[in-house]
Structure formats: structure tokens, C-alpha cells
Amino acid sequence: MGRLFDMSNEFSLLFDRFDEINELIYDVNEDGEPIDAEGNVIDPVKDREERLEAWFEELSGIEDDFKFKAENIAQYIKHLKAESDEIDKEIKELRSRKDQRDKKIESMKKYLLDNMNFINLKKIDGVRAKLSIRKNAPSLKIENELEFITMLQNTGRDDLLKYSMPEVRKTEVKNLIKNGEVFDGASIESSESLIIK
């Protein structure tokens, strides 16, 4: 049994042969009787029936092999999907644990910073850990972002604003096309997906 791709090619070639059998034109002898490749007189109807019967047997064999191979691949896909779902679950759990740790880190760092500042201690040179307070680079603080944006727009300072690329509201456009509206460069296309249960 070959690869699924090879089997698909066999199907294609087999269906080409089906057409050849149905369109077969028989040679005739001097008396006008249909003959086979060796020159023997034959019954074209019976010969075509025999060829089609052999064709159906071959198709059945390839189809059974294809189904068996496809089912094995589907089983493997299900196995990979189960592994992927488990990994997703573990990633979520790890992300949650990481977020908790990060919050705890920030909380404890703030606790240490506040208390060191309270007793005016800027540096601790310990054996297992060294702590020091440093000044961070100045950062911008905006009290009310919406008011600030409005002020920039009203004063002609749009250059200080970052605008994002507009997005197409695809559901609305799709519904309008379904209802007969035409938009250049937009159409509704159907695709296929494989369902494995």
C-alpha cells in the first residue's frame, strides 16, 4: 500500500481508464467483425463488460486501501490534536502561574523600595543579594488620555497622535454582498475543511 498521494494519482489514472473503456473503438477484420489486439473475433459488448468489471474490482481495491490509510492518518491527527489541547492547557496554567509570580515580584519589589526609601537606605551589599535604588528615565504621565487627544486635535497637533490602519467590517460587507450589493475587489468564497471525529 502506497502513500495517500500516490493512491490519489492511481484514482485519477483509473478514472481516465474508465473513460477509455467506454470510448473504446474496436478494430475490425476483413469481414467487418470486431477483433482484439491479437486479431481474434470478439463480442464488443461482452468485452466492454469484462473490462468494466475488472475496472470496478480494481477501483474497489484501491478505495479500500485508500480508506484504510486515510483512517490511520485521521487517527494520528486525533492523537496530535489531543496532545495539542494538553499543551494549550499546560500553557494556560503556566501563564497563569507566571502572571501570579510576576505580580508577586512587583509587589515585593515595591514593598522593598518603599521601605528602603522610608529609612533613606539607597544600597544594600549583601552576600546573597545586592539591592540598590536607581532613578529611572523620565516617563510621560497623562492624567486623562481622551481629553489630551481632543486637545491635540483641536490645536492642530495631530502629528503627535498615532492612527491605526482602518479595518474592514467583514461580516457587514459579506451580508451586503449576500443581499445583492457589489463591491469591486470583494467577493464571497466557500472553502472546505476536513472534520475528524
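Predicted model: local features only at pLDDT ≥ 70, side-chain atom pairs only at ≥ 80, totals over all residues.
Mentor: Let's start with burial: buried means under 20% relative accessible area, exposed means over 50%, and partly exposed is anything in between (1.4 Å probe, protein chains only). By that scale Trp55, at 3% relative accessibility, counts as buried. Phe56, with a relative accessible area of 46%, is partly exposed.

Trainee: How many aromatic pairs does the structure hold?

Mentor: A pair of aromatic rings is described by the distance of the centres and the angle of the planes. Rings of Phe, Tyr and Trp (its six-membered ring) pair if their centres lie within 6.5 Å; planes under 30 degrees apart are stacked, over 60 edge-to-face, the rest tilted. Here you'll find 1 aromatic pair. Its partners are Trp55 and Phe56, sitting edge-to-face at 4.9 Å centre to centre with 85° between the planes.

Trainee: Which residues make up the largest nonpolar core?

Mentor: A nonpolar core joins buried Ala, Val, Leu, Ile, Met, Phe, Trp, Tyr and Cys residues through side-chain atoms within 4.5 Å. The largest one here has 7 residues: Phe11, Leu14, Ile21, Leu52, Trp55, Leu59 and Ile62. For a close-up, take Leu59: setting aside neighbours within four places in sequence, Leu59 is in contact (heavy atoms within 4.5 Å) with Phe11, Leu14 and Phe15.

Trainee: And what lines the largest pocket?

Mentor: On a 1 Å grid over the protein atoms alone, a pocket is an open set of points where a 1.4 Å probe fits, with protein on both sides within 12 Å along at least five of seven lines; lining residues have an atom within 4 Å of a point. Volume is the space filled by probe spheres set on the points, which are joined across faces, edges and corners. The largest pocket holds about 430 Å³. Its lining includes Glu106, Lys109, Leu113, Met116, Ile133 and Arg134. Helix H2 (44-118) and strand E4 (130-132) are the elements giving two or more lining residues, and H2 brings the largest share, 6 residues.

Trainee: What volume does the second largest pocket have?

Mentor: About 180 Å³. Among the residues lining that second largest pocket are Val168, Lys174, Ile177 and Glu189.

Definitions and conventions. Residues numbered from 1 in each chain as written. Heavy atoms only, no water. Helix = DSSP H or I, 4+ residues; strand = E, 2+ residues; numbered from the N terminus.
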